[in-house]
Amino acid sequence: LRKTIDGHPDVDRMLRTLVAHAMGLRALSLYTAKYMDIASNHADPEARTQANTRTGLLIPIFKSHATQTAFDMSSLAMQVYGGMGY
């Protein structure tokens, strides 16, 4: 019999959801950073242009998705610690 909070199935689900979202945001930020690096450092001017175009698309998508996801994750994390009464 586990006596820790993560032994509760719904809390375990919430914690796993938080981890999954954090890993997804990290992957998306690294993907965007990769193209930012290519856009500024690649030897081929055509590759730099293509990477710059992709970066221009990815940055607003990443910013809006990360903002909304961070808000949702914060709300979910509050539920782990007892909801709004914490």
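In which helix is T69 found? T69 is found in helix α2; helices are DSSP runs of H or I with at least four residues, strands are runs of E with at least two, and both are numbered from the N terminus.

The model is predicted: local features need pLDDT of at least 70, side-chain atom pairs count only at pLDDT 80 or more, and totals for chains, interfaces and linings use all residues. Residues are numbered from 1 along each chain as its sequence is written, and side-chain values use heavy atoms, leaving out hydrogens and water.

The protein chain has 2 helices and 0 strands. Its radius of gyration, taken over C-alpha atoms, is 19 Å, well over the 12 Å that the globule rule (2.2 Å times the number of residues to the power 0.38) gives for 86 residues, so the chain is more spread out than a compact globule.

| Property of the protein chain | Value |
|---|---|
| Share of the 86 residues that are buried | 19% |

Buried means under 20% relative accessible area, with a 1.4 Å probe and protein chains only. T69 is buried, at 7%. The side chain of T69 reaches the backbone oxygen of H65 at 2.8 Å. T69 also touches H21 and L25, leaving aside residues up to four places away in sequence; contact means heavy atoms within 4.5 Å.

L25 belongs to the largest nonpolar core, which has 8 residues, among them V11, M73 and V80. Such a core is a set of buried Ala, Val, Leu, Ile, Met, Phe, Trp, Tyr and Cys residues joined through side-chain atoms within 4.5 Å. Helices α1 (9–41) and α2 (45–80) each supply at least two residues of this core.

Technical notes. Buried means under 20% relative accessible area, exposed over 50%, partly exposed in between (1.4 Å probe, protein chains only). A polar contact is a pair of N or O atoms within 3.5 Å; within protein, one must be able to donate a hydrogen and the other to accept it, and residues adjacent in sequence count only if both atoms are side-chain atoms.
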